[in-house]
Amino acid sequence: LSRRSRILIAREDGAGSGMMLKLVLSTMALAALAGSAFSQQAERPQVSQCQLIAEGLPQVQYANFTPPPSGAPALTLAQVQEDVVITFVGHSTFQIDTPGGISIATDFNGWLRTSRTPDVVTMNKAHSSHYTLNPDPAIGAVLHGWNEAQPGEAIQHRLVVGDAYIRNVSTDIRSWGGTMEPNGNSIFVFEVAGLCIGHLGHLHHELTDTHYGEIGRLDIVMVPVDGGLTLGADSMSRIVKRLRSAVILPMHRRGPPIETFLSMFDDSFDTQISENRGFTVSMRTLPKKPLILVLQGV
């Protein structure tokens, strides 16, 4: 099958953007899903694994892991693929490589090059450094964080590609004239191998309770820390503290030194200046204390 034909689009039939959901999937279940998600017969995920459960949520079906049939060899821990590789390409672009071999690029602009042609790219339109209107046609899925057909209306993405489930939460952006444009930015959430990875995009305002409910749990969050082009350090630090992610990855680092952002946090957060552009992470290796990890790059 071609890369494009392997893309399965899953649309959730929820009762609205405020609905809080959860997908019960173990790491083993995700590994099993990775082998079948390219099949046209693969079922779409019923609900997100990273969102909270609302009381009385109607008609929810939870995914479950079915053990191998009797006599089949059991999976060992070593056979469960769980490592995710995250690489800081530059500015707001990260490359996420899943255990199943899917590559995702965030805020893809076409000139910051990833190590391979991505299967999926996400974009935001605040500035041309966050999107391109001429992506490589070999990219299987190009996800805009804004609604091209109905400006001002929220765009909704619910996409399964291999072992990754990708969704978005719309937020507003400031236009060049200084007014707020409704739903012009998206926070993209990537659910891979049990991890919930969020990219805040070009976030221009603090989040509401509804936003936090739609986002749900983020084990890893990519945060713009420019100090003003998006949000000031104080406002952005409040968002980070409320999300309570295990790993915080500063991005969009133009503007004030990153020390301004780091100074917003006390010793309940660890800080590490990495010598590398990337790292490998899994559910089992997440730090127990929140870590602000500054990867190499600008």
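1. A disulfide is here a pair of cysteine sulfur atoms within 2.5 Å. By this rule the count comes to one disulfide. The model under review is a predicted one, and the points below should be read accordingly.

2. The disulfide joins cysteine 50 to cysteine 196, with the two sulfur atoms 1.9 Å apart. The torsion about the S-S bond is -95 degrees, and the link is left-handed. Distant parts of the chain are connected in this way: cysteine 50 belongs to the loop between α1 (27-36) and β2 (84-90), cysteine 196 belongs to strand β10 (residues 195-199), and 146 residues separate the pair. Cysteine 50 is buried, with a relative accessible area of 1%, and cysteine 196 is buried with a value of 0%.

3. Phenylalanine 88 is buried at a relative accessible area of 0%. Phenylalanine 94 is likewise buried, at 0%.

4. Another pair consists of phenylalanine 261 and phenylalanine 265. What is the geometry of the pair formed by phenylalanine 261 and phenylalanine 265? The arrangement is edge-to-face, with 5.1 Å centre to centre and 65 degrees between the planes. Because planes over 60 degrees apart count as edge-to-face, the angle of 65 degrees places this pair in that class. Phenylalanine 261 counts as buried at 2% relative accessibility, and phenylalanine 265 is buried with a relative accessible area of 11%.

5. Phe261 and Phe265 also belong, together with Phe269, to one aromatic cluster.

6. Helix α3 (residues 233-243) deserves a separate remark. Its buried residues are Ala233, Ser235, Met236, Ser237, Ile239, Val240 and Leu243. Which elements do the buried residues of α3 pack against? They pack against the helices α2 (209-215) and α4 (258-262), and against the strands β11 (220-224) and β12 (247-251). Arginine 244 follows α3 and has a positive phi, near 55 degrees.

Definitions and conventions. Residues numbered from 1 in each chain as written. Predicted model: local features only at pLDDT ≥ 70, side-chain atom pairs only at ≥ 80, totals over all residues. Heavy atoms only, no water. Buried < 20%, exposed > 50% of the residue type's maximum accessible area, 1.4 Å probe, protein only. Phe/Tyr/Trp six-rings, centres within 6.5 Å; stacked < 30°, edge-to-face > 60°. Helix = DSSP H or I, 4+ residues; strand = E, 2+ residues; numbered from the N terminus. Contact = heavy atoms within 4.5 Å.
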